[in-house]
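Dear colleague,

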Amino acid sequence: MNRTSFVSIAPGIAVRADYRIRAMEDRIGKYDIRLHMGYSEEEQRIVLRNCEIGTTRELKIRDIARLPIEQIIRSYRPPLWFYEITDTGTNIFGPLPDWEHDVLSSVDFPTLRKQGPTPDTLKWASRVYSVTQLNKGPATKRLTEIFGIYRHIHPAAPCRKSSNSVLSRRSRRRCLMA
């Protein structure tokens, strides 16, 4: 495979630089959508680069709005590839098996958390964050879930009113939890 067609998104994890997706048929009639998507360094996710719509009939503006272009873009999860850099060059393997069920379930995250900020822990944190962000998910939230890092509000926190006698959102939460 051509190594230049891949982009590293985290240590040891890569995605293809470009994707071509084709969708056909719809409830409004026959259509042919061709999407050219690619990885954006700036956005750190897959973005739409070009969209072509072909039909067998004339499309009205309301018909174009009904085409599932946004759903296709939102639901697309690019295959992940593993790579390693050796003395002889970069080797690319993959695609990886299911990220959530196969890859992440094989990692001992409680042990990594106990180790603290070691290179291995940081590598996995980068991988989890980057893949979640790539897939348009809440990356920070996913990172705290996978490593079991939760923010606890101290139950003895005082219930203070602000200067305008309205409890702040944070204070209300504390008071409700106390």
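**Arg142 and the helix it belongs to**

Arg142 is a residue of helix α6. Please bear in mind that this is a predicted model. Because its relative accessibility is 19%, and buried means under 20%, Arg142 counts as buried. Leaving aside residues up to four places away in sequence, Arg142 touches Glu100, Leu104, Val128 and Thr132.

**How α5 and α6 pack**

Two packed helices are described by the angle between their axes and the distance between the axes. For helix α5 (residues 119-134) and helix α6 (residues 139-147), the axes come within 8 Å and cross at roughly 135°. That angle makes α5 oblique to α6, and the crossing in which α5 passes α6 is right-handed. On the α5 side, the residues that meet α6 are Thr121, Trp124, Ala125, Val128, Tyr129, Thr132 and Gln133, while α6 contributes Ala139, Thr140, Arg142, Leu143, Ile146 and Phe147.

The loop between α5 and α6 contains Lys136, which has a positive phi of about 65° although it is not a glycine. With a relative accessibility of 27%, Lys136 counts as partly exposed.

**Aromatic residues**

How many aromatic pairs does the count come to? The count comes to six aromatic pairs. One of them is formed by Tyr19 and Tyr76, whose rings are 5.3 Å apart centre to centre, with 65° between the planes, an arrangement that is edge-to-face. Tyr19 lies in strand β3 (residues 18-26), whereas Tyr76 lies in the loop between α2 (69-75) and β6 (81-86), so this pair ties together parts that are 57 residues apart in sequence. Tyr19 is also buried, as its relative accessible area is 6%.

Elsewhere, Trp99, Phe109, Trp124 and Phe147 form one aromatic cluster.

Note on methods: Residues are numbered from 1 along each chain as its sequence is written. This is a predicted model: local features need pLDDT of at least 70, side-chain atom pairs count only at pLDDT 80 or more; totals for chains, interfaces and linings use all residues. Side-chain values use heavy atoms; hydrogens and water are left out. Rings of Phe, Tyr and Trp (its six-membered ring) pair if their centres lie within 6.5 Å; planes under 30 degrees apart count as stacked, over 60 as edge-to-face and the rest as tilted. Helices (H or I, at least four residues) and strands (E, at least two) are DSSP runs, numbered from the N terminus. Buried means under 20% relative accessible area, exposed over 50%, partly exposed in between (1.4 Å probe, protein chains only). Axes are lines fitted to C-alpha atoms, for helices over the stretch in contact, and angles run from 0 to 180 degrees between N-to-C directions. Angles under 35 degrees count as roughly parallel, over 145 as roughly antiparallel, 65 to 115 as roughly perpendicular and the rest as oblique. A crossing is left-handed if the near helix is turned anticlockwise from the far one by less than a right angle, and right-handed if clockwise. Contact means heavy atoms within 4.5 Å.
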